[in-house]
Amino acid sequence: MPLTLLSRLGWRNLWRYRRRNLMLFSAILVAVAGCVLMSSLIRGYQYDMMDDAIANLTGNLKVMAPGYRADPSIARAFRVPQSFAPDVPPNELVGWTERVRVPAVIVSEREARGVTLIGVDPAEERAISFLGGVAIRGDALAGPDDGRILLGQELARQLDTDVGRRIVVMTQGADGRNREAGFRVAGLYDAAGTAIEKAYAFTGIRPFQKLLGTDAVTEISVRLKDDRFSARADAELRKDLRGLEVLDWRTLEPQAAAMFQLADAAILIWLVVLMLALAFGLINTLITAVLERVREFGMLRALGMRRGAIVVQVVIESVLIVASGLVVGIVVGLALIAYFSNGIDLSRWAEGVELAGLRNKLVPHLLWSDVAAVGAFAIVLGLFASAYPAWRAVRIDPLDALRR
Amino acid sequence: MDNVVVCRGLGRVYTNDAVPVHALQGVDFDVAPGDFVSLSGPSGSGKSTLLNLIGALDRPTEGRVTVAGVDLATLSDSQLADLRLTKIGFVFQAYNLIPVLSARENVEFIMQLQGVSATERRERAIEILDALGIGELAERRPGQLSGGQQQRVAVARAVVTRPALLLADEPSANLDSKTTETLLDLLRRINVERGVTIVTATHDPIVIRYARRSVRLKDGRIDADERTAAATA
């Protein structure tokens, strides 16, 4: 089959109906650029959500004693071997930390609130969780031996307490007996949402262990540079810490994981709807092009061009216009992503943004696999949309066509 | 030498609104190699139908057509397309050049479908365009050519592959008489110098005069078949 000839005919026919094809080219360009930008924004939202879930004291992976999730008590603490460190290559690891995390009641002079009180090594914690990114009024915890407490702003407001004041913590010790101790408020942290501020209070891990009467921890949290490294790290942790549970952030934060999957589906739905809408425009244009050239197709058949070559010619014309719209659309889409690379400021809608679980700045996140998917969809669209017009073209009877 | 075209008992019935129309009835018609035949007759006499059957664009309802020794009834649609591509050259009333290709590319078109190499295609296209006096127009597209020039390009496209048979359907219908004479001089030259067999359907008395054999049809039958003055000239 003379593909060079058919390609040349296809290319020149695009210019022959340039106004109509320019409109179609523009529609494809806008749709493709829109798909590329939109998918990167959805990915931005999706990856922000994943980062938030992982930073919310979850990590990519968490090690806990069996049953701790259902009953988070100090009784389910475990001892970590002195020499333990996660067997993860340094280039895949952000950091890891041990925590003691128990339910507690905090009492101020005026109010009492139930919280999750967490004993941490502040330096390790800041490297892997949201504590590293929050603003703190007053002091941050100085180290694992710091016996002061760090509260969320909202919790402090509810307790009617402030930096430098004392509060009392009541919780259960490792022996099952109640423990009570006074803590001075070191500082108040300002997290992205008030839910976090109300839920978590922090103190140095060592004094907290002493209060609880244990040298054990309730969890080890591991933060990786990319969630793709999880499977291998998971296997290593299971091997090194037998008898303990290793859970990933998707299991620990099922709602966030469901939202993550929903974002995948949203990209797919967006792509399919846009491409289907485009398909009708493309089919319409190609049918018009075939019907306008009935005589020409008849003549080509009369001169001896086979039906297969007619089909290929229509398909080439379709694929050429889709491919040119696709290439330029991708370039425009990438340029738009570059333009918005510092993020789109959503702070004007701060309340709605928080409700939707978005950050104030939505930063596009480019995945080349999404660009490839847009490309693949568009090419399939070009082939699919040309099928019916090509069928119409091969059904043209040369004799009827030449009589017109 | 065997006849290029052999038609035996040829009939073609069209059914319009359930009423059968006998466009051709029992036609026996042969064309010898190197002949120049005109098919004439009033509208509806069957001349275009006969030309289409010989050109493998239509299938008879009765009888058989043999072109260059091949019985068309035995061929599939694809094989008929191949036969048209390799054995038959067509010149249409409305020129039917491909508008997005230049004159040279139009002439090269069929050779390209036949798989002739690029160099040979180009040489042969330029040679035939020069021979037909339109070499300097080779890179112009059909829209930049006059009707007569376009018809010459169509003739060049039809004969460049050296077909066994050249079929021309009303080739002068859109041309003035001077251009018609020029075209017919050209067809005669191709017929005489290149030995191409030509069959043309026409109303035009000038065309009939140029042909060496005149076949007149009436009501789907051959009414007269005679040598013209051109045959004895």
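Biologist: How many helices and strands does chain B have?

Modeller: Chain B comes to eight helices and ten strands. Keep in mind that this is a predicted model.

Biologist: And what does the radius of gyration say about chain B?

Modeller: The radius of gyration of chain B is 17 Å, close to the 17 Å from the globule rule for 233 residues, so chain B is as compact as a globular protein of that length. Along the principal axes, its C-alpha atoms fill a box of roughly 50 × 40 × 40 Å.

Biologist: How much of chain B is buried?

Modeller: Buried residues are 46% of the 233 residues in chain B. If you take its contacts with a separation of 6 or more, 68% are between residues 24 or more positions apart.

Biologist: OK, over to chain A. How many helices and strands there?

Modeller: In chain A you get 14 helices and twelve strands.

Biologist: Is chain A compact or spread out?

Modeller: Chain A is more spread out than a compact globule, because its radius of gyration is 31 Å, well over the 22 Å that the globule rule gives for 404 residues. The C-alpha trace spans about 100 × 45 × 30 Å along its principal axes.

Biologist: What share of chain A counts as buried?

Modeller: Of its 404 residues, 41% are buried. For chain A contacts with a separation of 6 or more, residues 24 or more positions apart make up 82%.

Biologist: What's the backbone doing just after α10(A)?

Modeller: A:Gly304 sits just after that helix, and has a positive phi of about 115 degrees.

Biologist: Switching to helix packing. How do α11(A) and α13(A) cross?

Modeller: Helix α11 (residues 307–339) and helix α13 (residues 368–394) of chain A have axes that come within 8 Å and cross at roughly 150 degrees. That angle makes α11(A) roughly antiparallel to α13(A). Their crossing is right-handed, and the contact has 18 nonpolar, four polar and one charged residues.

Biologist: And what about α1(A) against α11(A), at what angle do they cross?

Modeller: Roughly 50 degrees, with the axes coming within 9 Å. So α1(A) and α11(A) are oblique to each other, and the crossing is right-handed. Among the residues in this contact are A:Leu6, A:Leu9 and A:Trp11 of α1(A), and A:Val312, A:Ile316 and A:Leu320 of α11(A). By class, it has nine nonpolar, four polar and one charged residues.

Biologist: Last one, back in chain B. What's the packing angle of α5(B) and α6(B)?

Modeller: About 15 degrees, for helix α5 (residues 147–159) and helix α6 (residues 177–193) of chain B, whose axes are 10 Å apart. That is why α5(B) and α6(B) are roughly parallel to each other. The crossing is right-handed.

Biologist: Which residues make that contact?

Modeller: From α5(B) they include B:Gly147, B:Gly148, B:Val155 and B:Val159, and from α6(B) they include B:Leu183, B:Leu186, B:Leu187 and B:Ile190. The classes come to six nonpolar, five polar and one charged.

Note on methods: Residues are numbered from 1 along each chain as its sequence is written. Chains are lettered from A and ligands numbered from 1 in the order in which they are written. This is a predicted model: local features need pLDDT of at least 70, side-chain atom pairs count only at pLDDT 80 or more; totals for chains, interfaces and linings use all residues. Axes are lines fitted to C-alpha atoms, for helices over the stretch in contact, and angles run from 0 to 180 degrees between N-to-C directions. Helices (H or I, at least four residues) and strands (E, at least two) are DSSP runs, numbered from the N terminus. Angles under 35 degrees count as roughly parallel, over 145 as roughly antiparallel, 65 to 115 as roughly perpendicular and the rest as oblique. A crossing is left-handed if the near helix is turned anticlockwise from the far one by less than a right angle, and right-handed if clockwise. Ala, Val, Leu, Ile, Met, Phe, Trp, Tyr, Cys and Pro count as nonpolar, Asp, Glu, Lys and Arg as charged, and the others, Gly among them, as polar. The radius of gyration is taken over C-alpha atoms; the globule rule is 2.2 Å times the number of residues to the power 0.38. A residue is buried if 20 or more other C-beta atoms lie within 10 Å of its own, exposed if 12 or fewer, and partly exposed in between; C-beta atoms are placed from the backbone. Two residues are in contact if their C-beta atoms, placed from the backbone, lie within 7 Å.
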